[in-house]
Amino acid sequence: MKPRSSRLPATLLLLLLSAAPLASATIYAEHGFGEKDGNGSIASDLNPAGLVAGIITEEEGRRRAVLYQNGHIRELGTLGGDEGFTKAINAHGVVVGSAQTASGAWHAFRYENASGMRDLGTLGGNSSYATAITQDGRVAGYADTRNGDYHAFVTNADHSLQDLGTLGGDSSYASGINNHGVVVGTAQRSDGYRRAFIYRPGDGMQEIGTLPGGRISSATAVNDAGLIVGSSETANRRWHAFAYDGKRMIDLGAMIGQGDSYATAVNAAGHIVGSVKINGYEPMTFVYKEGVMTVRRRDDGLYLTNKITDAGLVVGAIYTGHKFQAFAVSSRAAPPPQRSNPLDWLLITFVIGASGVVLYRMQRNHRNGLLGERTRLL
């Protein structure tokens, strides 16, 4: 006589699983780059192939520019100095950022796997910083001029730097560029106030303006449709994230309703991400998409919100209390935790009790069967 199986019947197992409430889930990338204990990490950008441009910060404060993918770190090195950091990566794996030279100056770089790190030089001064890159490899950033002021730049076909000028003041900074060569950033006017700007090839630099009553503003990113995001001072001297479509400036901070907010990135679909800081607490991630503003819970967002990919992944870093760790979250809102229903628990209790009875009967029948086998053998 064969002993009966001790497995739960399939229908009972399915009933038990279906009775249990489902846990809310958010898609996360792994924490950090697998760096050594004591070191921190930040994800600067992520390309469609899953290649992360990032930074490892050593315990003593030194920064290292790295690429990370599938558990492997690639060190990008420097321009002869000690430190470097990344800012952006395109679909071809070309990375831009800044690294120290042997003299200790910071220079913008362009890194390709085949040729390594290339120094992009300056505008006649000592330093430069790369902030964004297009799919065809044009780089935007800012660099010292001979008189010591920073000016926004974009690279030419030969990788030389083109000075984009200012809005009449001394300085300007480029923060974003799209695949049409449109550059955005911040520039000083002749009255000393800094304003968000847009630069179109052939048209020069133009001021975007501010939210009503604001004195200063800053643009951080632009997508291929021309949607610009950034932050502006408001009439009550707070900072609000904004979106500018070429005709009107949308106050995203007003949709959040409190705190200071800063838009940091926009993807091809027009989804916008950034940070909001409320009452001095740690910054939280906000996501604006399809007309809906969502502020993520602190346990469901990032401390540093850097980029949003076209696939909807938001990259940056969390803060563990003593160091940053590279991290990513989905831009989709996490479903709210399900409230337990007393009837659910009653059903679970009944199913578990029933399964216990079934298991007891199976075990008893199994013992009886073994006893019968022994009797026949004797």
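**Opening question**

Is Phe85 buried or exposed? In this predicted model, Phe85 is buried, as its relative accessible area is 14%.

**Confidence of the model**

The protein has a mean pLDDT of 84, and 80% of its residues reach a value of 70 or more.

**Overall organisation**

The secondary structure of the protein comprises 27 strands and three helices. Of the contacts between residues at least 6 apart in sequence, 36% join residues that are at least 24 apart.

The protein has 378 residues, and buried residues account for 47% of them. Its accessible surface amounts to about 19,300 Å², and carbon and sulfur atoms contribute 52% of that area.

**The pair of Phe85 and Trp106**

Eleven aromatic pairs are found when the whole structure is searched. One of them joins Phe85 and Trp106 in a tilted arrangement, with 5.4 Å from centre to centre and 45° between the planes. Phe85 belongs to strand β5 (residues 80–89) and Trp106 to strand β7 (residues 106–112), so this pair ties together parts of the protein that lie 21 residues apart in sequence.

Trp106 has a relative accessible area of 13% and is therefore buried.

Tyr142 is placed in strand β10 (residues 139–145), whereas Tyr173 is placed in strand β13 (residues 168–177), so the pair ties together parts that are 31 residues apart in sequence.

What is the relative accessibility of Tyr173? The value is 23%, and Tyr173 therefore counts as partly exposed, since burial requires a relative accessible area under 20%.

**A cluster of tyrosines**

Tyr142 and Tyr173 also belong to one aromatic cluster, which Tyr129 and Tyr150 complete.

Methods: Residues numbered from 1 in each chain as written. Predicted model: local features only at pLDDT ≥ 70, side-chain atom pairs only at ≥ 80, totals over all residues. Heavy atoms only, no water. pLDDT = per-residue confidence, 0-100. Helix = DSSP H or I, 4+ residues; strand = E, 2+ residues; numbered from the N terminus. Buried < 20%, exposed > 50% of the residue type's maximum accessible area, 1.4 Å probe, protein only. Contact = heavy atoms within 4.5 Å. Areas by Shrake-Rupley, 256 points an atom, 1.4 Å probe, with all protein chains shown as cover. Phe/Tyr/Trp six-rings, centres within 6.5 Å; stacked < 30°, edge-to-face > 60°.
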